[in-house]
Amino acid sequence: MAKINKILVANRGEIALRILRTAKEMEIKTVAVFSEADRNALHVRYADEAALLGPPASSQSYLREDKIIEVCKDLGVDAIHPGYGFLSENASFAKKSAENGIIFIGPSPEAIKTMGNKLAAKKAVSHYDIPMVPGTDHAISELKDALKIGKEIGYPLLIKASAGGGGKGMRVVSKAADLEEEMNRAISEATSAFGDGSIFIEKYIESNKHIEVQILGDSHGNIIHLNERECSIQRRHQKVIEEAPSMVISDQQRQELGEAAINVARACNYTSAGTVEFIYDKGKFYFLEMNTRLQVEHPVTEFITGIDLVREQINIAEGKPLSVRQEDIKINGHSFEVRVYAEDPENNFMPDVGTLSTYVRPQGPGVRVDDGFEQGMEIPIYYDPMIAKLIVHGQNREEARLRMLRAIEEYEITGIKTTLPFCHYVFKHKVFIDGSFDTRFVDDYFTPEKLHQANDEEELIAGIIATVVGVDKKSSPKNNKNLQAENEYSAWRKRTND
Ligand code: ADP
């Protein structure tokens, strides 16, 4: 067993801080790395030591494999935690770390490589009885082959890049006549984004839910699952709101999903934390892919299971067996996460970078904020525009939902547009409340005017209340606006009802 005394976190922002915090609780020394754009970032201040990697562009900083290994050697680092994004799913970096005597906190390079390619992943799991979306299990380059598949499985089809990720390189084809053009587009998109133009075809499942299963595997052959997360509220095929557990999965299905996920992990001798993604349609689920790293949305699983996934990753990397068995995993209540992106929901969710003029986090029972910023800081244009993750926990879904609405209302951010108003809208929406929402939510139910309508309705109700009880609405402070009015309103209601 290898004792880890010092960890370098090869990442930035909220995830770097989140990992540093667990390392501190485990009394492990920490090293942060940073680019010139992140000199004053919180993760740099939090770590015991910090090293500059280079200019702001990721290619010159957070993606510099050799420079990061050099820092590890200079500072006596035992292990690297890659977080998510950047080098986290880079098999050659994992290999290079091991070759230099540094533990990579994650799965083996072989597992990363297999699961990093959607076709290789499908092949690896084909020996197990895992349900898959109808489609091809090999790369397609000839139009005639694609047309043949189209005939077999029917339209609409989805062309996907084998090396794809982040929702890139996917094209929906609604009829045979469009196939050639869409195929050519997908190949060129995949070539420029991933340097690999291999594409394949799947049946396009029009209304689906995204369900994924958290798994943990150790180097002693133990693999367990920590139940599912539902991540169906997405824009541009990317998640914005996640929850655990999903309200549409029965106990029986939960067990089946868990077993399927464990088999996927088994297919590549998986160690560390990983996520097996499925799409779910009309009671059936199909394997999509496996992500061989910590996911952005891992805190909802931490809330319902009480397990610190980063701590487990570090223990596994040291060669320890898992601290829990499958039968110890219970679901405690319900958890939601919203991703607070510096994006303008009124302008097609375009990034909106700038300075956080006001930044006040919500607090109170059952609320967790994972972020990497403070008031007055600038959101750099070079990286992912996520400012924070707001996570809540409640005894049941409704308690957690109302807690999330309360926390969003407490969150004060000015200077930058964020996804918070959109999330507030979702948490009040009927189909979100009743669970019937799917990945098409934004297309089906959201237009920018909805945000104004919601505000107008609130204003209108507040106005009516104020008039009824004779309160000057304008004189109430912004954040507890109408608190007094509401109290008086309830008292007034009570009296009239008596
Ligand atoms: P990426 O690796 O680019 O994130 P995924 O395979 O994980 O791609 O899919 C991302 C999202 O795209 C899923 O959450 C789902 O909403 C949608 N998607 C993927 N495959 C299909 C499919 N066959 N039919 C319909 N939607 C799909």
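Colleague: Which residues come nearest to the ligand?

Modeller: This is a predicted model, to start with. In it, Lys118, Gly167, Ile205, His210 and Glu289 come nearest, out of 23 residues around the ligand.

Colleague: What lies 2.9 Å from a nitrogen atom of the ligand?

Modeller: Glu202 has a side-chain N or O atom at 2.9 Å from a ligand nitrogen. Ile205 has a backbone N or O atom that lies 2.9 Å from a nitrogen of the ligand. Then there is Asn208, with a side-chain N or O atom 3.3 Å from a ligand nitrogen.

Colleague: How much of the ligand does the protein bury?

Modeller: The protein buries 96% of the 550 Å² that the ligand exposes when taken alone.

Colleague: Why call H6 largely enclosed?

Modeller: Because six of its eight residues, in the run 118-125, are buried.

Colleague: Which residue caps the N-terminal end of H6?

Modeller: Asn117. A side-chain oxygen of Asn117 lies 3.0 Å from the backbone nitrogen of Leu119.

Colleague: New topic. Is helix H10 largely enclosed or exposed?

Modeller: Helix H10 (residues 298-305) is largely enclosed by the rest of the structure, because seven of its eight residues are buried. Those are His298, Pro299, Val300, Thr301, Glu302, Ile304 and Thr305.

Colleague: What comes just after H10?

Modeller: Gly306, with a positive phi of about 75°.

Colleague: How many residues of helix H11 are buried?

Modeller: Eight of nine, across residues 309-317. Among them are Leu309, Val310, Glu312 and Gln313. Asp308 caps the N-terminal end of H11. One of its side-chain oxygens lies 3.0 Å from the backbone nitrogen of Val310. Gly319 follows H11, with a positive phi near 95°.

Colleague: Where does Asp38 lie?

Modeller: In the loop between strand E2 (29-35) and helix H2 (42-46).

Colleague: Why does Asp38 count as buried?

Modeller: Because its relative accessibility is 3%, and buried means under 20%.

Colleague: What does its side chain join to?

Modeller: The side chain of Arg12, through a polar contact of 2.6 Å. Leaving aside neighbours within four places in sequence, Asp38 is in contact with residues including His43, Val44, Tyr62, Pro380 and Tyr383.

Colleague: And Ala98, buried or exposed?

Modeller: Exposed, because its relative accessible area is 52% and the cut-off is over 50%. Ala98 is found in helix H4 (residues 91-99). Ser108 is ten residues from Ala98 in sequence, and their C-alpha atoms are 9.6 Å apart.

Colleague: Last one. What pLDDT does the protein chain average?

Modeller: 91, and 91% of the residues score at least 70. Over residues 472-498, though, the pLDDT is below 50. That stretch has 21 contacts in the model, beyond near neighbours in sequence.

How values were computed: Residues numbered from 1 in each chain as written. Predicted model: local features only at pLDDT ≥ 70, side-chain atom pairs only at ≥ 80, totals over all residues. Heavy atoms only, no water. pLDDT = per-residue confidence, 0-100. Contact = heavy atoms within 4.5 Å. Near = heavy atom within 4 Å. Polar contact = N/O pair within 3.5 Å; in protein donor to acceptor, adjacent residues only side chain to side chain. Areas by Shrake-Rupley, 256 points an atom, 1.4 Å probe, with all protein chains shown as cover. Buried < 20%, exposed > 50% of the residue type's maximum accessible area, 1.4 Å probe, protein only. Helix = DSSP H or I, 4+ residues; strand = E, 2+ residues; numbered from the N terminus.
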